[in-house]
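Take a walk through this model with the viewer open.

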Amino acid sequence: MTRRLRCMTAVLCLCAALPLAAQISIPELFAPVMDTADMLSQEQEHTLDTYLRRLSSDTGVQIVVFTLPSLGEYSIESYSLAAAEAWQLGQEGADNGALLTVALAERSIRIETGYGLEADLTDAQCGLIIRNIIAPRFQQNDYAGGIFAGVQAMASAAAGEQAAQGLAASEEIEQAMSDRRFDFSITDIITVIAIVFIVMWFNPVIGSAYTGRRFRRTAGGRFKSGGFKGGGFKGGGGRFGGGGASGSW
């Protein structure tokens with residue numbers, strides 16, 4: 001899909017969430033691993049945190065992992081884009097940020113890419129990473145393995161294989177990514193047509209609500225403190241336009 005169509009897709013997702021969009025609560029970014037669903041052990045979270053900080057420091061590419069217990073009334077596309085825009089991942093001007101969002105209750109996965117990574121971490125590659133790398137491991141309840149391998153595949157596409165070494169076996173990732181097929185269904189075509197007409201009638205106002213430091217989501221939709229805490233981490237001003245892919249396990 002072109003950047004224009006991705007932008008239109010993002011607008012459609014936000015329109016679908018209105019009038020609830022203003023209620024989306026995104027935690028303040030403090031680390032590259034925002035594991036609010038407790039899918040990782042503290043040791044696994046520390047390993048991933050160290051890897052992503054090094055990737056950001058060495059290459060400028062910022063990848064954040066965001067897990068949450070439930071999406072509530074929102075789609076994963078709306079929630080993921082709201083978080084990516086709130087956190088402004090990647091460098092200003094380079095827009096080289098990416099977000100891996102996992103919703104545990106809905107068994108949904110989303111990779112969101114900044115404008116600057118769309119040529120390297122393409123929509124098709126995002127789909128392959130979810131379908132061939134993350135989902136099969138999640139189906140075996142290997143959440144850490146799926147997240148680690150998925151993140152390394154994202155890093156390899158965004159920053160190069162050499163810069164991305166360290167989390168998972170590169171040979172397995174390369175094999176999983178060798179399937180370059182990306183299927184478009186009639187649903188995709190209908191969705192694009194619907195976007196054209198819906199955007200003509202809506203002028204959405206995008207807002208992001210911010211909450212406190214580190215959070216765990218409760219039944220009331222809020223987040224509370226807990227888990228591994230690394231040093232300060234924040235986005236560099238990168239922009240997002242709805243590029244990426246979604247899937248499930």
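Glycine 60 follows helix H2, and its phi is positive, near 85°. The model is predicted, and that angle is a computed value like the others here.

H2 covers residues 42-59, 18 residues in total. From first C-alpha to last, H2 reaches 25 Å. At 1.5 Å a residue, 26 Å is expected, so the computed span is close to that value.

Which residues of H2 are buried? They are Glu45, Leu48, Asp49, Tyr51, Leu52, Leu55 and Ser56. Seen down the axis of H2, these buried residues fall within an arc of 165°, so they line one face of the helix. The face turned away from that buried side carries Gln42, Glu43, Ser57 and Asp58, which are exposed. What lies over the buried residues? The cover includes strand S2 (33-35), strand S3 (62-68) and helix H5 (143-159).

Now the whole chain. Its secondary structure comes to 7 helices and 7 strands. Read from the N terminus, the elements run α-β-β-α-β-α-β-β-α-α-α-α-β-β. The chain has 249 residues, and buried ones make up 50% of them. Take the contacts with a separation of 6 or more: 74% of them join residues 24 or more positions apart. The accessible surface is about 11500 Å², and carbon and sulfur atoms hold 52% of that area.

Aromatic rings come next. The whole structure contains 6 aromatic pairs. One of them is phenylalanine 138 with tryptophan 249, an edge-to-face pair at 4.8 Å centre to centre, with 80° between the planes. This pair links distant parts of the chain. Phenylalanine 138 sits in helix H4 (residues 123-139), tryptophan 249 in the segment after strand S7 (240-248), and 111 residues separate the two. Are these two residues buried or exposed? Phenylalanine 138 is buried, at 0% relative accessible area. Tryptophan 249 has 10% relative accessibility and counts as buried because the cut-off is under 20%.

Tryptophan 249 also pairs with tyrosine 143. The geometry is edge-to-face, with 6.3 Å centre to centre and 70° between the planes. Tyrosine 143 lies in helix H5 and tryptophan 249 in the segment after S7, so this pair ties together parts 106 residues apart in sequence.

Finish with a group of rings. Phe66, Tyr74, Tyr79 and Trp87 form one aromatic cluster.

Terms used. Residues are numbered from 1 along each chain as its sequence is written. This is a predicted model: local features need pLDDT of at least 70, side-chain atom pairs count only at pLDDT 80 or more; totals for chains, interfaces and linings use all residues. Side-chain values use heavy atoms; hydrogens and water are left out. Helices (H or I, at least four residues) and strands (E, at least two) are DSSP runs, numbered from the N terminus. Buried means under 20% relative accessible area, exposed over 50%, partly exposed in between (1.4 Å probe, protein chains only). The arc is that of the directions from the helix axis to the C-beta atoms. Contact means heavy atoms within 4.5 Å. Accessible areas come from the Shrake-Rupley method with a 1.4 Å probe; for residues, only the protein chains shown count as cover. Rings of Phe, Tyr and Trp (its six-membered ring) pair if their centres lie within 6.5 Å; planes under 30 degrees apart count as stacked, over 60 as edge-to-face and the rest as tilted.
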